[in-house]
Amino acid sequence: MRETRQSGSEGGAGLIPVPTPIRFAIGQGGETMTRMSIFRTRRSIKPAAMDAHREVARDLLLAILGDAHAAPTHGLTQPWRFHVFAGEARIRLAGALQEIYDRTTPVSARNEEKRAKLGTTPRLAPVVIAVAARVEPNGKIPEIEEIAATACAVENLMLSAHQKGLGSYWSTPPATMSAEFATWLGLDDAHRMLGLVYLGYSQTGKTPGPISRNPLTAHVVFHEG
Ligand SMILES: Cc1cc2nc3c(=O)[nH]c(=O)nc-3n(C[C@H](O)[C@H](O)[C@H](O)COP(=O)(O)O)c2cc1C
């Protein structure tokens with residue numbers, strides 16, 4: 001069904017067509033969804049629920065990263081940096097995160113379960129992406145905006161992955177957010193870490209249903225009249 005809406009500031013002669021939602025094939029079951037619904041049907045898929053042995057084709061990965069790269073960015077600084085780990089590189093990543101945990105966690109705060117997870121979780125997903133934001137010291141764009149733009153890129157990435165039938169999971173344990181991790185990645189001190197995004201096909205081929213959220217009205221205030 002096609003609808004029309006009033007054009008805004010384009011200065012046009014009135015009504016412009018609203019595009020008919022495009023249907024995409026997703027998932028292993030051949031379900032379809034509209035462009036409109038990817039926002040509502042995306043869910044986090046934990047790495048333990050991903051198929052570690054099903055690789056993500058490089059072309060598909062580049063398409064997903066390309067969608068992330070289309071995120072809005074003040075001053076077109078494009079602050080997001082993605083370090084992609086696949087295959088054996090995930091083992092090196094896991095080892096580095098445990099080593100950073102050991103170096104940065106006071107003895108009194110050590111938790112063996114958390115340490116063990118840093119060593120195992122990166123092996124559970126076929127692709128792990130470390131996300132950083134580059135902030136310009138004394139730059140025109142404030143740090144918070146560069147981090148916000150990078151978060152927009154991550155959301156694009158997760159929605160694109162979902163649209164293409166892949167699961168994603170954003171994870172932010174302290175070691176993955178640390179300056180030490182940035183250094184290990186070869187990034188200088190103009191970078192802020194935003195954790196890891198795990199990507200992979202879900203073992204069941206299914207995405208969990210929606211979770212209950214607060215009523216929208218608790219988060220929105222209209223100022224009118
Ligand atoms: C910035 C950010 C950081 C997150 N870090 C973690 C994390 O460290 N551990 C975790 O279990 N989930 C983490 N999540 C995922 C949330 O738990 C998840 O998005 C939330 O439970 C809602 O579920 P949904 O993504 O399936 O809608 C993070 C999400 C965001 C946006």
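This is a predicted model: local features need pLDDT of at least 70, side-chain atom pairs count only at pLDDT 80 or more; totals for chains, interfaces and linings use all residues.
1. The face of α3 turned away from its buried side carries three exposed residues: Arg 92, Asp 102 and Arg 103.

2. Now the helix itself. α3 covers residues 89–104, 16 residues in total. From first C-alpha to last it reaches 22 Å, close to the 22 Å expected at 1.5 Å a residue.

3. Which residues of α3 are buried? They are Arg 90, Leu 93, Ala 94, Leu 97, Ile 100 and Tyr 101. Viewed down the axis of α3, these buried residues fall within an arc of 125°, so they line one face of the helix. Their packing partners are β5 (80–86), α4 (112–120), β6 (127–134) and α6 (179–185).

4. Turn to the ligand. The residues around it are Arg 43, Ser 44, Trp 170, Ser 171, Thr 172, Pro 173 and Ile 211. By class, this shell has 3 nonpolar, 3 polar and 1 charged residues.

5. Check Gln 78. Its phi is positive, about 50°, although Gln 78 is not a glycine. Most residues other than glycine have a negative phi. Gln 78 sits in the loop between α2 (58–68) and β5. Gln 78 is partly exposed, with 14 other C-beta atoms within 10 Å.

6. Asn 138 lies in the loop between β6 and α5 (143–163). Is Asn 138 buried or exposed? Asn 138 counts as exposed, because it has 5 C-beta neighbours inside 10 Å.

Conventions:
Residues are numbered from 1 along each chain as its sequence is written. A residue is near a molecule or strand if its C-beta atom, placed from the backbone, lies within 6 Å of it. Ala, Val, Leu, Ile, Met, Phe, Trp, Tyr, Cys and Pro count as nonpolar, Asp, Glu, Lys and Arg as charged, and the others, Gly among them, as polar. Helices (H or I, at least four residues) and strands (E, at least two) are DSSP runs, numbered from the N terminus. The expected span of a helix is 1.5 Å times one less than its number of residues. A residue is buried if 20 or more other C-beta atoms lie within 10 Å of its own, exposed if 12 or fewer, and partly exposed in between; C-beta atoms are placed from the backbone. The arc is that of the directions from the helix axis to the C-beta atoms. Two residues are in contact if their C-beta atoms, placed from the backbone, lie within 7 Å.
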